[in-house]
Amino acid sequence: MSAPPPIVDADLVARLRADLEHAAYTVEAVGELLGPLASAALGREQVLPAQRVTATAGTPLATLVRLFTLGDAVDADDAARALPTLGVEGAERLRLVVQQGPGVVATCDLRPYADEDHAWWVASDLSELATRAPLSEDHVLGIGGASTTLASWTPRPRVERALDLGTGCGVQALHLGAHAASVTVTDISARALAYAAFNAELNGCDWTFVEGSMLDPVAGQRFDLIVSNPPFVITPRTPDVPLFEYRDGGQAGDSLVADLVRSIGDHLAPGGIAQFLGNWEVVGDSDWRDRVRGWVAGSGLDAWVVQREVQDPAQYAETWARDGGHHSATSEFATMYAAWLDDFASRGVSAIGFGVITLQRPTGDRDPFLDLTEATGPVASPMGPAVLAGLAARTWLAEHTDDELLEVAWRCADDVTEERHGRPGDTDPTVILLRQGGGLGRVVRLGTAGAALVSVCDGSLSAGAAVAAIASLLGVDETEVRAEVLPLLRALVADGLLV
Ligand SMILES: C[S@@+](CC[C@H](N)C(=O)[O-])C[C@H]1O[C@@H](n2cnc3c(N)ncnc32)[C@H](O)[C@@H]1O
């Protein structure tokens, strides 16, 4: 049974904010207090090192960490010292803590969060790390790996209207508030919306809240930017597996994400962008691209989908049977594991892909572009600027012919380097690689003509003139060189290696 979510009381929340500021409850200060060992252990969901560091520190900051992150009972006097303006009674009225014997325990998680330019505090339900028990089905998730992945990948142009679909504690909306004039948040969970409303007040944000399933609550509305970390986890529809609201939209297979891709276009203004995370099923020996292509087909939207990870059904079952607080030695875990395996087998699923789906409504009546690609290695962080540039580059490519592409004097981006590998003693390399430092971290193997082209991309010579010169140098037909380098040129421009 979950504790009731916090309430929004402007005066009490202002007092809380004053206390959090006074205690310097920031990502940096908490990191310094815990040190690398305890921080890394917390990342592995081990609280003991952090408990040892904070138990003896005796500062308001340490008390806040013990109370709101580790789920420890703290002495009432320590709690009062950590919350001098709000007081323990004010914290109780906000429904952040309850008295327990001689001490005080938190009823929710509350921690600092930041990006490169902003700092916030975010309340959510206590994690299983703090409760030391499996989560309840209406659990409101704090900031997890998927939240930060989406936040990192989101392109952030200045926009009028933004939507965070399935907002949970409101983490994506906090980011949106930095570059959107208005932010709407939705969730099927009233508890989640209560947390989001509390976090909006705590961080001085003004959002529109609407309760309902998926796109229902925004019927007839259009946005310039839509983000969603939706409940995309593929879950067997059997009573053996709990229906965790935060990860499971209640549909079979990957149909929730498929439906979202198919219906999001009605809510995008011309030029508008939608981005969400998702899982997709790979059936038998088919290609994941075929499945996702089927979702996008006929939507009229540009689509750029990056597959980041692939799991087999057993790996997927293990991940999600463990998520929520079940340990692998228990019979519940074994029952859930089997349910997942049966569910995937019933549809012939051989693998499950995870990735980032970015869609755009074209402004004119051109054919939409479709780019389904894989990037499983490290990428830029944040990735959003590269996504925004990548959308602009793909849009430009969709709107220009090959001849127009060749008229441009392209330049190698600053983060691109070239590697030459050869057999010892050889004068000529056998392998030439172009390596991108940022973006998707592309590594592209170049042929002779491609290497020659890239070597003269300094922004002064058009690609067409370079092709003519290379053909003459190699003594081959110009149309042959042109045909060889055009796909390379398009790929390098799309991914930002040539600008
Ligand atoms: C994975 S959490 C994401 C939370 C947060 N946006 C983030 O990025 O961390 C998914 C959210 O979707 C909500 N949700 C579940 N089913 C939904 C539905 N049918 N319609 C709208 N939201 C739903 C859950 O309550 C939860 O808050």
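Guide: Let us begin with a single residue. At 33% relative accessibility, R95 counts as partly exposed. Its place is the loop between α6 (87-93) and β2 (97-100). Please keep in mind throughout that the model is predicted.

Visitor: What is the phi of R95?

Guide: The general idea comes first: most residues other than glycine have a negative phi, and most peptide bonds are trans. In this structure, phi of R95 is near 70 degrees, a positive value in a residue other than glycine. M214 also has a positive phi, near 40 degrees, and it too is a residue other than glycine. M214 belongs to the loop between β8 (207-211) and β9 (223-228). With a relative accessibility of 23%, M214 counts as partly exposed.

Visitor: Which two residues does a cis peptide bond join?

Guide: The bond between S381 and P382 is cis, with omega at about 0 degrees. P382 lies in the loop between β13 (370-374) and α15.

Visitor: Let us turn to the whole chain. How many helices and strands does its secondary structure contain?

Guide: The chain has 19 helices and 16 strands. Its radius of gyration is 26 Å, close to the 23 Å that the globule rule gives for 499 residues, so the chain is as compact as a globular protein of that length. Taken along the principal axes, the C-alpha atoms fill a box of roughly 90 × 50 × 50 Å.

Visitor: What share of the residues counts as buried?

Guide: The general idea is a cut-off: a residue is buried when its relative accessible area is under 20%, exposed when it is over 50%, and partly exposed in between. Of the 499 residues here, 50% count as buried. The accessible surface of the chain comes to about 21,600 Å², and 52% of that surface belongs to carbon and sulfur atoms.

Visitor: How should I read contacts along the sequence?

Guide: One asks what separation in sequence the contacting residues have. Among contacts between residues at least 6 apart in sequence, 69% join residues at least 24 apart. A468 is found in helix α18 (residues 463-474), and at 28% relative accessibility it counts as partly exposed.

Visitor: How many positive and how many negative side chains are there?

Guide: The chain has 35 positive and 68 negative side chains, and the centres of the two sets lie 2 Å apart.

Visitor: Where do D290 and R293 stand in relation to each other?

Guide: Both are in helix α12 (residues 288-296), and because they are 3 residues apart there, about one helical turn separates them. D290 is partly exposed, with a relative accessible area of 44%, and R293 is partly exposed at 36%.

Visitor: Which salt bridges link distant parts of the chain?

Guide: Two cases may be examined. The side chains of R394 and D495 meet at 2.6 Å, N to O, in a salt bridge. This pair links distant parts of the chain, for R394 is in helix α15 (residues 384-398) and D495 in the segment after α19 (478-494), 101 residues apart. R394 is buried, with a relative accessible area of 5%, and D495 counts as buried at 18%.

Guide: In the second case, a salt bridge joins the side chains of R482 and D403 (2.9 Å, N to O). R482 in helix α19 and D403 in helix α16 (residues 402-407) are 79 residues apart, and this pair too links distant parts of the chain. R482 counts as partly exposed at 27% relative accessibility, and D403 counts as partly exposed at 44%.

Visitor: Which residues are linked in a network of salt bridges?

Guide: The network links D371, R394, R442 and D495.

Key:
Residues numbered from 1 in each chain as written. Predicted model: local features only at pLDDT ≥ 70, side-chain atom pairs only at ≥ 80, totals over all residues. Heavy atoms only, no water. Helix = DSSP H or I, 4+ residues; strand = E, 2+ residues; numbered from the N terminus. Rg over C-alpha atoms; globule rule 2.2 N^0.38 Å. Buried < 20%, exposed > 50% of the residue type's maximum accessible area, 1.4 Å probe, protein only. Contact = heavy atoms within 4.5 Å. Areas by Shrake-Rupley, 256 points an atom, 1.4 Å probe, with all protein chains shown as cover. Lys, Arg positive; Asp, Glu negative; His and termini not counted. Charge placed at Lys NZ, Arg CZ, Asp CG, Glu CD. Salt bridge = Lys/Arg side-chain N within 4 Å of Asp/Glu carboxyl O.
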